[in-house]
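Try each task before you read its solution.

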Amino acid sequence: KKKEKKIGEIMAKPSWNKTLSEVLKQQTRTVTLKSQKTGNEYQTDVIPNLVVLSTGSVETVADKYIYSVVDTQNDLEYSIKVSNKVDVDFGDRLQFKNVRGGVTSSGFGWYAAESVTAVQRNA
């Protein structure tokens with residue numbers, strides 16, 4: 001006889017949250033990071049190396065820099081926050097290290113990276 005679950009018993013809830021790899025259409029790996037706020041370690045998915053194009057826009061917010069970027073291969077446009085600054089022009093290729101992110105209350109995403117470098121164009 002099949003055992004039926006009663007209402008209120010622990011059951012899996014369906015989730016509409018997507019993973020970072022599903023959202024940005026990139027390969028990810030799981031790494032252990034340390035929270036700057038609490039000092040606690042946590043595991044999260046990151047994109048080890050992400051190369052995207054700059055829109056030429058960099059915004060400064062509380063000692064961090066927010067780069068507006070486009071991923072022309074996957075037809076995506078978003079912003080990535082990072083602690084270092086590089087000079088950018090429209091169309092410059094940028095490489096971000098260990099990009100992580102998540103969903104915000106508005107339903108859109110936030111993205112942050114360890115660092116950013118400008119990728120030199122081949123002459």
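**Exercise 1.** In which strand is the place of Ile47? Find it, then describe its surroundings.

*Solution.* Before starting, note that this is a predicted model, where local features need pLDDT of at least 70, side-chain atom pairs count only at pLDDT 80 or more, and totals for chains, interfaces and linings use all residues. Residues are numbered from 1 along each chain as its sequence is written, and side-chain values use heavy atoms, with hydrogens and water left out.

Step 1: Ile47 sits in strand E2. Helices (H or I, at least four residues) and strands (E, at least two) are DSSP runs, numbered from the N terminus.

Step 2: check its cover. Ile47 counts as buried because its relative accessibility is 1%. Buried means under 20% relative accessible area, exposed over 50%, and partly exposed in between (1.4 Å probe, protein chains only).

Step 3: list what it touches. Leaving out residues up to four places away in sequence, Ile47 is in contact with Leu20, Leu24, Gln26, Gln27, Thr28, Lys97, Asn98 and Val99. Contact here means heavy atoms within 4.5 Å. Take Leu20: it is 27 residues from Ile47 along the chain, and their C-alpha atoms are 8.2 Å apart.

**Exercise 2.** Which residues touch the most other members of the largest nonpolar core?

*Solution.* Step 1: know the term. A nonpolar core is a set of buried Ala, Val, Leu, Ile, Met, Phe, Trp, Tyr and Cys residues joined through side-chain atoms within 4.5 Å.

Step 1: The core has 19 residues, and Leu50, Tyr67, Val69, Tyr78, Ile80, Leu94 and Phe96 touch the most other members. Two or more residues each come from helix H1 (20–24), strand E2 (41–61), E3, strand E4 (76–82) and strand E5 (93–103).

Step 2: zoom in on Tyr78. Setting aside neighbours within four places in sequence, its contacts are Leu24, Leu50, Val52, Tyr67, Ser68, Val69, Asp71 and Tyr111.

**Exercise 3.** How many aromatic pairs does the structure hold? Describe each.

*Solution.* Step 1: there are two. Rings of Phe, Tyr and Trp (its six-membered ring) pair if their centres lie within 6.5 Å; planes under 30 degrees apart count as stacked, over 60 as edge-to-face and the rest as tilted.

Step 1: Tyr67 and Phe96 make an edge-to-face pair, 5.9 Å centre to centre with 70° between the planes. Tyr67 belongs to strand E3 and Phe96 to strand E5, 29 residues apart. Both are buried.

Step 2: Tyr78 and Tyr111 make a tilted pair, 5.0 Å centre to centre with 55° between the planes. Tyr78 is in strand E4 and Tyr111 in strand E6 (residues 109–112), so this pair ties together parts 33 residues apart in sequence. Tyr78 and Tyr111 are buried too.
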